[in-house]
Amino acid sequence: NYVKNGGTLYISGDSNAKLLKEFFNGEIVDETNNVTKYPVYYRGYDEAKCYIAPKTSDYKKIFKEFNAKYPLPIKYNITILKHQNGEVKATITLADYDPDNNYEYASIHSNPPGRKTSLPAIVETNYGKGKVIYSAALIEADERYNFKDIIIAIINKEINHKFYIDTSKYVESIIFKDGETYFLNLFDLNFANEVIDRKFEIKLPNDQFVVKELLNGKQYKVNKNKVKGHFKKYLSLIINSK
């Protein structure tokens, strides 16, 4: 119902079979490098099991430096989705050699991508008024910064932002909506180590908003759709339209 009514859903990996059937008329049929005829002597290496190559123009922008020639490296086997609905946005590229085979190649750095396929790595489909995005790889679980940039870009392209917040990377921002009132909270994740005066700037949709602090009622001046200020540790703001 959430997706039918206009929501966007991101799912990944070996996800719920009923959802994959409902949204994509699909099912997980296999995984990359599932079978090897050679015995495995050592699984402690940090090499790519497979790769993801962006296919469409929007995903080529999202993947930035990663492309068909230099695809995104994945360190584990990923699922293969057989589907009827949806557009393939990125495909799977396999390594030149079986990652579990120590006999046919030797490299201290990587198993280079060499086997391009049409297997889906990322698929998008419309459902009702909403959209579902499926990724065979758990992009959201990887700690590397370029993986984080990719998952943020995938989500951001589906969101119509009402507020833009410019502040320190150590500040977490959370927004709640109650009717026509917004509660915007800024929290310094690093204050336990050192209390720092954090600056912030909030861009509003227009200048027809009133911005006040929740605890003391202090009102901020809205200038050219923007509110500027600073805080220590945390700050809670109430944002109402005039």
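# Pocket lining, salt bridges and surface

Trainee: How do the residues of the lining of the largest pocket divide into nonpolar, polar and charged?

Mentor: This is a predicted model, where local features need pLDDT of at least 70, side-chain atom pairs count only at pLDDT 80 or more, and totals for chains, interfaces and linings use all residues. Residues are numbered from 1 along each chain as its sequence is written, and side-chain values use heavy atoms, without hydrogens and water. Ala, Val, Leu, Ile, Met, Phe, Trp, Tyr, Cys and Pro count as nonpolar, Asp, Glu, Lys and Arg as charged, and the others, Gly among them, as polar. The lining divides into six nonpolar, four polar and two charged.

Trainee: Which elements give two or more residues to the lining of the largest pocket?

Mentor: A pocket is an open set of points on a 1 Å grid over the protein atoms alone, where a 1.4 Å probe fits, with protein on both sides within 12 Å along at least five of seven lines; lining residues have an atom within 4 Å of a point. The lining includes Tyr-164, Ile-165, Asp-166 and Thr-167, along with Val-171, Ser-173, Ile-174 and Ile-175. Strands are DSSP runs of at least two residues, helices of at least four, numbered from the N terminus. The elements asked for are strand E9 (164-167) and strand E10 (171-178).

Trainee: How much space lies in the largest pocket?

Mentor: Grid points are joined across faces, edges and corners, and the volume is the space filled by probe spheres set on the points. The lining has His-161 and Lys-162 among its residues. The space comes to about 260 Å³.

Trainee: How far apart in space are Asp-166 and Lys-228?

Mentor: Asp-166 lies in strand E9. Its relative accessible area is 53%, so Asp-166 is exposed (over 50%; buried is under 20%, partly exposed in between; 1.4 Å probe, protein chains only). Lys-228 is 62 residues away from Asp-166 in sequence. C-alpha to C-alpha, the two are separated by 9.5 Å.

Trainee: How many salt bridges does a search of the whole structure find?

Mentor: Side chains of opposite charge can pair when their charged atoms come close. A salt bridge needs a side-chain nitrogen of Lys or Arg within 4 Å of a carboxyl oxygen of Asp or Glu. The search finds 11.

Trainee: How many residues apart in sequence are the parts that Lys-157 and Glu-124 tie together?

Mentor: Lys-157 and Glu-124 form a salt bridge, with the closest N and O atoms 2.7 Å apart. Lys-157 sits in the loop between helix H3 (145-156) and E9, and Glu-124 in strand E7 (residues 113-127), so the pair ties together parts whose separation in sequence is 33 residues.

Trainee: Which residues are linked with Lys-157 in a network of salt bridges?

Mentor: Lys-157 is partly exposed, at 32% relative accessible area. Glu-124 is buried, at 6%. Lys-157 is linked in the network with Glu-124, Lys-131 and Glu-158.

Trainee: Lys-89 and Glu-87 meet in a salt bridge; at what N to O distance?

Mentor: Lys-89 counts as buried, at 7% relative accessibility. Glu-87 counts as partly exposed, at 42%. Their side chains meet at 3.3 Å.

Trainee: Which residue meets Asp-142 in a salt bridge?

Mentor: Asp-142 counts as buried, with 16% relative accessibility. The N to O distance is 2.8 Å, and the partner is Arg-144.

Trainee: Which residues form a nonpolar patch on the surface?

Mentor: Patch residues have over 30% relative accessible area and no salt bridge; like charges are joined within 9 Å, nonpolar side chains (Val, Leu, Ile, Met, Phe, Trp, Tyr) within 5 Å. Areas come from the Shrake-Rupley method with a 1.4 Å probe; for residues, only the protein chains shown count as cover. Leu-214, at 41%, is partly exposed. With about 540 Å² of accessible area together, the patch is Phe-187, Leu-189, Leu-214, Leu-215 and Tyr-234.

Trainee: Phi of Lys-224 is positive; what value is it near?

Mentor: Most residues other than glycine have a negative phi. Lys-224 is in the loop between E14 and strand E15 (226-231). Lys-224 is exposed, at 73% relative accessible area. Its phi is near 55°.

Trainee: What value is phi of Lys-64 near?

Mentor: Lys-64 is found in the loop between helix H2 (57-63) and strand E4 (72-74). Lys-64 is exposed, at 58% relative accessible area. Its phi is positive, near 50°.
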